[in-house]
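Subject: Structure for you to look at

Hello,

Here is the structure I promised. Please open it first, then read my notes below.

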Amino acid sequence: PALPTKGEMGSLLSSTGPRPSQSPAPTFKEKLREKLRINVKLFGPPGVGKTTLLHTMADKNFKFDERQFYPTIGVDFKINHTQSKEGKEVKLLLWDHYVGRERFKPIRPFEFRGMGLILAVFDISDRSSLKTLQKQVEEAQRYAPKDVVTFLIGNKIDLRSTSKTDLVTPTEAVAMANDIGAARYIETSCKTRHGIDDILDEGTIEKILDRPSSRGNLPTS
């Protein structure tokens, strides 16, 4: 059969009516906003259980072994995922640095940039760790975003029933949390997973995402 002429093609197209409008494809920036990112920084004196806490937070199947010690050499890093109240995927980047080493002092201002949540960790069975932590928190808050959310974490809570040492009491810890401007005080145990899921619950995620600043929430690539 003969092909339709140019005029016949125009008639055919006009007879089909207007084409349905299509929604524009999302921009790159809109795609980024669909997947939020939160940087979470764990820090505190050595031996308080930061690295074990990091692994426990990142992996629900992580098996605590009190015979093993996980010293942080430089930086440790884990990724976790959750959802916001609106159902958007939230990527959690969990960072563990040892703050006290003098050789890392030149890069310290960069370690806290873009952080959405700071977890200041101490060992409830070691009173000196709480005193040391207070000085470290002051330094961290100096370098972190002004609206960063800070939690005070009392780790190794399982020792409260077995240890004979002079433990830090919840009342003392809450007073410390108030002094440093922490939004919450949470007691945790990597051995029993007590309090672990409370750290990054829905309330925490919303508190971070509701900050006036968006630093630390949006990916850069």
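Which residues have the most contacts inside the largest nonpolar core? They are Leu53, Met57 and Leu119, in a core of 24 residues. A nonpolar core is a set of buried Ala, Val, Leu, Ile, Met, Phe, Trp, Tyr and Cys residues joined through side-chain atoms within 4.5 Å. Buried means under 20% relative accessible area, with a 1.4 Å probe and protein chains only.

Please note that this is a predicted model: local features need pLDDT of at least 70, side-chain atom pairs count only at pLDDT 80 or more, and totals for chains, interfaces and linings use all residues. Residues are numbered from 1 along each chain as its sequence is written, and side-chain values use heavy atoms, leaving out hydrogens and water.

At least two of its residues come from each of β1 (35-43), α3 (50-58), β3 (89-97), β4 (115-123), β5 (149-155), α7 (196-199) and α8 (202-209). β1 gives the largest share, four residues. A second, separate core has 22 residues, including Phe43 and Phe122.

Now take Leu119. Leaving aside residues up to four places away in sequence, Leu119 touches Val40, Lys41, Leu42, Phe43, Met57, Phe151, Ile153 and Ile199. Contact means heavy atoms within 4.5 Å.

Last, the whole protein chain. It has eight helices and six strands. These are DSSP runs, numbered from the N terminus: helices are H or I with at least four residues, strands are E with at least two. Of the 221 residues, 43% are buried.

Best wishes

How values were computed:
Buried means under 20% relative accessible area, exposed over 50%, partly exposed in between (1.4 Å probe, protein chains only).
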